[in-house]
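This report covers a nonpolar core and a helix packing. The sequence and structure come first.

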Amino acid sequence: MTGQFAHWTRPDMSRIDTIQQEVCERYGISITDMLGPRRSRHLIKPRWLAMAIVQDLLPDQSYPMIGNKFGKRDHTTALYAIRRVNKMRQDAEFDREYHELRESVSAMINPTFRHKSKAMFSTCRNKGEIQ
């Protein structure tokens, strides 16, 4: 980053990049295609899915931020994409596909460390090992 915002970074940006990369790999398209201006049918579905997953997994991201991260698109484009995906999820097969992709991406961007028992968790928390 350069210019007046060089000091300003968003930790969620790397997560958005991870989501985009995973969706691209799953659908066999390049990041350039996902972020580019083309609106071919084979590009729209992965792009919309990625936008919806970003909004679902990172709810603090605004529509303008999502649109900007997907090829400097307008916030209304992100809003439209997310609404379309939510409508398409009424189809059981598409909903299953969405959840599989979402869970795959979620595991990549939200690595968690879980103890087998609550007692162990409270012990670690009290010792300051889990932040």
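The model is predicted, so local features need pLDDT of at least 70 and side-chain atom pairs pLDDT 80 or more, while totals for chains, interfaces and linings use all residues. Residues are numbered from 1 along each chain as its sequence is written, and side-chain values use heavy atoms, without hydrogens and water.

The largest nonpolar core has 28 residues, with Ile19 and Phe70 making the most contacts inside it. Such a core is a set of buried Ala, Val, Leu, Ile, Met, Phe, Trp, Tyr and Cys residues joined through side-chain atoms within 4.5 Å. Helices H1 (12–27), H3 (41–57), H5 (75–88) and H6 (92–109) each give two or more residues to this core; H3 gives the most, 10 residues. Helices are DSSP runs (H or I, at least four residues), numbered from the N terminus. Beyond its neighbours within four places in sequence, Phe70 is in contact (heavy atoms within 4.5 Å) with residues including Ile16, Met34, Arg47 and Val54.

H3 and H5 pack at about 95°, with axes 8 Å apart, and are therefore roughly perpendicular (65 to 115 degrees). Axes are lines fitted to C-alpha atoms over the stretch in contact, and angles run from 0 to 180 degrees between N-to-C directions.

One aromatic pair is found in the whole structure. The rings of Trp48 and Tyr80 have centres 5.7 Å apart and planes at 80°, so the pair is edge-to-face (centres within 6.5 Å, planes over 60 degrees apart). Trp48 lies in H3 and Tyr80 in H5, 32 residues apart.

| Residue | Relative accessible area | Class |
|---|---|---|
| Trp48 | 15% | buried (under 20%) |

Definitions and conventions
Buried < 20%, exposed > 50% of the residue type's maximum accessible area, 1.4 Å probe, protein only. Parallel < 35°, antiparallel > 145°, perpendicular 65-115°, else oblique. Phe/Tyr/Trp six-rings, centres within 6.5 Å; stacked < 30°, edge-to-face > 60°.
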